[in-house]
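User: Please take a close look at one part for me: the contacts between side chains. Keep it plain, as I am new to this.

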Amino acid sequence: MTPVFYLRTSMQPRTLFRTVAFAEAVTWTLLLIGLFLKYVTRTTDVGVSIAGGIHGFVFLCYAATAAFTWINQKWSTRTGLLAIASAVIPYATIPMEKSLDRRGLLAGDWRLTAGGEAPRGGFEKAQAWVLRNPILAVVVTLVAVGAVFSFLLFMGPPGTWFS
């Protein structure tokens, strides 16, 4: 009999969401320090260059994580959009995460893993594929986020996009 190996994700929806929400808030701190150094002390803009890039990357990761969690947890459209939009306001991901957790909207396991619920619709089918092919999904996700991130770096700071 050939052994079968299953990769079981140990990071549940709650843990994943909380971790990325916290990381997003930390990168806001880095960005705000960089902005302080650039505009208040007028000493350097290196902090904005470095922290801005890090924050942008983590912001995209948070948005993807919020959308992924939204699908798994079957949040309402309003809740899902608020979770994603909370990344725009400094530190708002923390109270958002606390609110979701308090209401039980982060509880439970990944419901679309192998042997779990049958996926319905395109988003759930995509999520089921990700949960059943985690290593390939991580590679594809990193390439996709890297491509979006590179495009945004190419575009420059948001204030310069349409000038």
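**Side-chain contacts**

Four residues, K74, R111, E117 and E124, are joined in a network of salt bridges. A salt bridge here is a side-chain nitrogen of Lys or Arg within 4 Å of a carboxyl oxygen of Asp or Glu. The model is predicted, so local features need pLDDT of at least 70 and side-chain atom pairs pLDDT 80 or more, while totals for chains, interfaces and linings use all residues. Residues are numbered from 1 along each chain as its sequence is written, and side-chain values use heavy atoms, without hydrogens and water.

R111 is buried, at 12% relative accessible area. E117 is partly exposed, at 38%. (Buried means under 20% relative accessible area, exposed over 50%, partly exposed in between, with a 1.4 Å probe and protein chains only.)

The whole structure has six salt bridges. Another one joins R18 and E97, with N to O at 2.9 Å. R18 sits in helix α1 (residues 13–40) and E97 in helix α4 (residues 93–102), so this pair ties together parts 79 residues apart in sequence. Helices are DSSP runs of H or I, at least four residues, and strands are runs of E, at least two; both are numbered from the N terminus. R18 is partly exposed, at 28% relative accessibility. E97 is buried, at 4%. E97 also bridges to K98, at 3.9 Å between the closest N and O atoms. K98 is partly exposed, at 41%.

Now the rings. There are four aromatic pairs. In one of them, the ring centres of F17 and W75 lie 5.9 Å apart with planes at 90°, so the pair is edge-to-face. F17 belongs to helix α1 and W75 to the loop between α2 (46–73) and α3 (77–85), so parts 58 residues apart in sequence are tied together. Both residues, F17 and W75, are buried. A second pair is F57 and F149: centres 5.7 Å apart, planes at 80°, so edge-to-face. F57 lies in helix α2 and F149 in helix α6 (residues 134–155), so the pair links parts 92 residues apart in sequence. F57 is partly exposed, at 30%. F17 and W75 also form one aromatic cluster with Y62. (Rings of Phe, Tyr and Trp, its six-membered ring, pair if their centres lie within 6.5 Å; planes under 30 degrees apart are stacked, over 60 edge-to-face, the rest tilted.)
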